[in-house]
Amino acid sequence: MTDSTQETTANSTWSRMLAGNRRFAEGNAEHPWQDKETRESLIDTQNPDAAVLSCSDSRVPPEIIFDAGLGDMFTVRTAGEMLDQAVLQTLEYAVSSLHVSLLVVLSHQHCAAVAQAEKELDALTEHLTHEITDEQERERIMEDLDEVIASSSSEFLKNIGISVWQARMAGLDSRDDYEQVHIAHTIEQLVTSSEMIRDALAHERLMIVGARYRLDTGLVEVLSF
């Protein structure tokens, strides 16, 4: 498959997923490829078009919100789309062995994992600054907080708290902002941590999309960075 063909496939796959999401949000889901024949055709092989990294939240199952069927998506779900080596290598398998052309990193509205990370970040900030009266010293501590977060034993802080910190350093202060910044940070982590994913992107064998699911409308927002 040529690079241009792969790019076309990725765009076509994403368009199909968004069309399925619109059907779902409108209450017109078709539940495609969930019949006995499809199940039997997938016994010995799979050929998903997309990999999806999303939150484990019970309200955000990718196959349902994109109105997809058996064999359509290779999904990995962790709280707040948190990354570790197991998640990274699973996604690398999707790229290298299953040859998915599209990787979707999907967050969602009212993410409890982001709320937990925000809570832990606030507790850490209070612990580090509660006896500091000098404003310049407080600012210095806040600017260097990423190093403290990186050494934390909490995966919520290391994976998501850093996104909240980055958002605040950029002057953003809403939960919606935190969720969107976290998607950008997660994509950055994927690219910097995986030579395989970087190579696939560089040679246009893979397209990465950041998106956010709205619980209130059922629609998936496409994020641009």
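**The sheet and its surroundings**

Reply: Five strands form an open sheet in the order E2-E1-E3-E4-E5, with mixed pairing; strands here are DSSP runs of E with at least two residues, helices are runs of H or I with at least four, and both are numbered from the N terminus. Two strands count as paired if DSSP finds at least two bridges between them. This is a predicted model, in which local features need pLDDT of at least 70 and side-chain atom pairs count only at pLDDT 80 or more, while totals for chains, interfaces and linings use all residues. Residues are numbered from 1 along each chain as its sequence is written, and side-chain values use heavy atoms, with hydrogens and water left out.

Me: Which strands stand at the edges?

Reply: E2 and E5 do, and each has a single partner strand, so one side of each is left without a neighbour in the sheet.

Me: How do E1 and E2 pair?

Reply: They pair in the parallel sense over six bridges, and the bridge partner of Ser54 in E2 is Arg77. Helix H4 packs on the sheet, where it touches E1, E2 and E3, and its direction makes about 175° with that of E2; such angles run from 0 to 180 degrees between N-to-C directions, with axes fitted as lines to C-alpha atoms, for helices over the stretch in contact.

Me: And what about E4, is it buried or exposed?

Reply: Strand E4, residues 207-213, is mostly covered, as six of its seven residues are buried, meaning under 20% relative accessible area with a 1.4 Å probe and protein chains only, whereas exposed means over 50% and partly exposed lies in between. Seven bridges join E4 to E3, and these two strands run parallel, while E4 and strand E5 pair in the antiparallel sense over four bridges.

Me: Switching topic, which residues have the most contacts inside the largest nonpolar core?

Reply: They are Leu91, Leu190 and Leu206, in a core of 22 residues; a nonpolar core is a set of buried Ala, Val, Leu, Ile, Met, Phe, Trp, Tyr and Cys residues joined through side-chain atoms within 4.5 Å. H4 gives the most to this core, with five residues.

Me: What is Leu206 in contact with?

Reply: Leaving aside neighbours within four places in sequence, Leu206 is in contact with several residues, among them Val95, Leu102 and Ile197, where contact means heavy atoms within 4.5 Å.
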